[in-house]
Amino acid sequence: MPPAATHGLIDPFGRRIEYVRLSVTDQCDLRCFYCMPKGFKDFQEPEHWLSFDEIERVIGAFAALGTRRVRITGGEPLVRRNLPELASRLAALPGLDDLSLSTNATRLRKHAYELHDAGVSRLNVSLDSLRAERFKEITGGKLEKVIDGLMAAKAAGFAPVKINMVVMRGVNDDEVEDMVEFCIEHDFTLRFIETMPMGDTGRAASDHYVDLQEVKRRLEQRFELVPGVMPGGGPARYARVAGTELRIGFITPISQHFCDTCNRVRLSVDGTLYMCLGQEHNYPLRPLLRAGISDAELLEHIRQAIALKPERHEFKDKPEQVVRFMSMTGG
Ligand SMILES: C[S@@+](CC[C@H](N)C(=O)[O-])C[C@H]1O[C@@H](n2cnc3c(N)ncnc32)[C@H](O)[C@@H]1O
Ligand code: SF4
């Protein structure tokens with residue numbers, strides 16, 4: 001990338017864009033009911049997937065424009081073959097100093113060490129229930145594999161591993177205290193997430209929506225929560241459980257949106273840049289990359305894309321708006 005490209009990306013609302021969520025696949029080996037419909041098979045054709053070379057080129061361009069952080073996500077990123085190889089290529093890009101991964105952990109037992117060696121510095125793992133039967137009902141998968149994956153991540157040196165739990169009324173909201181105890185025991189960080197109306201699945205799950213202020217009040221009856229911050233914490237508001245090392249994050253896109261501090265865009269596996277999780281504004285890069293644009297042109301297209309970034313999501317006012325599932329852009 002030309003060194004001249006080092007001034008940053010500022011969107012129309014004055015926000016500095018320095019974080020890319022990179023979806024490396026829209027496929028997944030689980031079917032969390034709030035994310036992807038059972039039996040869904042309408043995935044991107046492999047010829048539409050950005051290759052590792054193409055991904056490296058786009059992320060390299062973002063890095064030249066000031067991006068410091070990349071989170072690899074999906075679908076389930078570990079179903080993409082040779083993912084650790086991609087991770088090590090991205091970790092080596094000049095300017096990137098934080099490469100993280102979101103995973104359902106089903107394949108983490110096999111890959112945790114490789115990912116750590118490749119330069120992935122932080123892991124987020126989805127875990128919505130500690131009860132095997134319930135876990136199966138929510139995700140279609142086996143809890144045991146996820147727990148094995150989590151332990152492998154800990155042994156490989158990821159610290160702290162963050163657990164993401166989507167809290168849903170009548171589904172798993174009776175487990176928030178158990179999850180706190182589990183995370184204290186294993187030195188994990190815990191983040192609660194509100195359901196978002198993405199795609200038909202997310203909208204249906206929003207019937208189970210729980211305002212996390214309510215969860216916080218409930219936890220305060222049993223634990224002493226000390227307000228705090230966490231470096232690199234993103235949109236989560238954190239609290240520490242007194243007398244323990246546990247930090248709990250509350251990710252509240254619905255009850256208290258955090259769009260005014262949004263610093264990110266999303267790149268889907270087919271090379272489309274999405275400017276906002278809760279809007280459809282997008283900019284397809286794949287046709288341009290495959291038409292042979294120069295590095296300077298790529299930087300210019302990225303700038304034009306950022307100019308499309310909307311001010312905020314409208315999950316509350318227009319919940320019908322986003323037709324894609326979360327698995328297409330990776331949360
Ligand atoms: C789409 S997944 C992709 C990465 C990986 N497969 C995983 O589950 O961590 C990223 C995050 O989005 C969350 N998610 C998916 N659909 C959601 C929805 N409708 N509302 C809130 N969170 C959702 C998942 O729980 C997960 O924490
Ligand atoms: S939340 Fe993650 S694990 Fe669950 S179906 Fe979506 S992509 Fe797969």
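# Reading helix packing, loops and a ligand shell

Modeller: In this predicted model, helix α1, residues 52–64, packs with helix α2, residues 83–91, at an angle of about 25°, and their axes lie 10 Å apart. The two helices are therefore roughly parallel, since angles under 35 degrees count as such.

Biologist: Which residues of α1 and α2 meet, and what is the handedness of the crossing?

Modeller: The crossing of α1 and α2 is right-handed. On the α1 side F52, D53, I55, E56 and I59 take part, and they meet L83, E85, L86, R89 and L90 of α2. Sorted by class, this contact holds six nonpolar and four charged residues, with no polar ones.

Biologist: Turning to the loops, where does K142 lie, and is K142 buried or exposed?

Modeller: K142 sits in the loop between α4, residues 132–139, and α5, and K142 counts as exposed because its relative accessibility is 57%, where exposed means over 50%. Although K142 and A132 are ten residues apart in sequence, their C-alpha atoms are 6.8 Å apart in space.

Biologist: Which peptide bond is cis, and what is its omega?

Modeller: The cis peptide bond joins A159 and P160, with omega at about -10°. P160 belongs to the loop between α5 and β7, the latter spanning 162–166.

Biologist: What are the phi values of A105 and D187?

Modeller: Phi of A105 is near 75°, which is a positive value in a residue other than glycine, and D187, also not a glycine, has a positive phi of about 60°. A105 is placed in the loop between β5 (98–103) and α3, whereas D187 is found in the loop between α6 (176–186) and β8. A105 counts as buried because its relative accessibility is 0%, the cut-off being under 20%, while D187 counts as exposed because its relative accessibility is 53%.

Biologist: Where is T195, and which residues does T195 touch?

Modeller: T195 is located in the loop between β8 (189–193) and α7 (199–205). Because its relative accessible area is 4%, T195 is buried. Leaving aside residues up to four places away in sequence, T195 touches V166, V167, M168, A205, S206, Y209 and I254.

Biologist: Finally, which residues surround ligand 2, and how do they divide by class?

Modeller: The residues around ligand 2 are C28, L30, C32, C35, G75 and N104. By class, this shell consists of four nonpolar and two polar residues, with no charged ones.

Technical notes
Residues numbered from 1 in each chain as written. Chains lettered and ligands numbered in written order. Predicted model: local features only at pLDDT ≥ 70, side-chain atom pairs only at ≥ 80, totals over all residues. Heavy atoms only, no water. Near = heavy atom within 4 Å. Nonpolar A, V, L, I, M, F, W, Y, C, P; charged D, E, K, R; others polar. Helix = DSSP H or I, 4+ residues; strand = E, 2+ residues; numbered from the N terminus. Buried < 20%, exposed > 50% of the residue type's maximum accessible area, 1.4 Å probe, protein only. Contact = heavy atoms within 4.5 Å. Axes fitted to C-alpha atoms, helices over the stretch in contact; angles between N-to-C directions. Parallel < 35°, antiparallel > 145°, perpendicular 65-115°, else oblique. Left-handed = near helix turned anticlockwise from the far one by under 90°.
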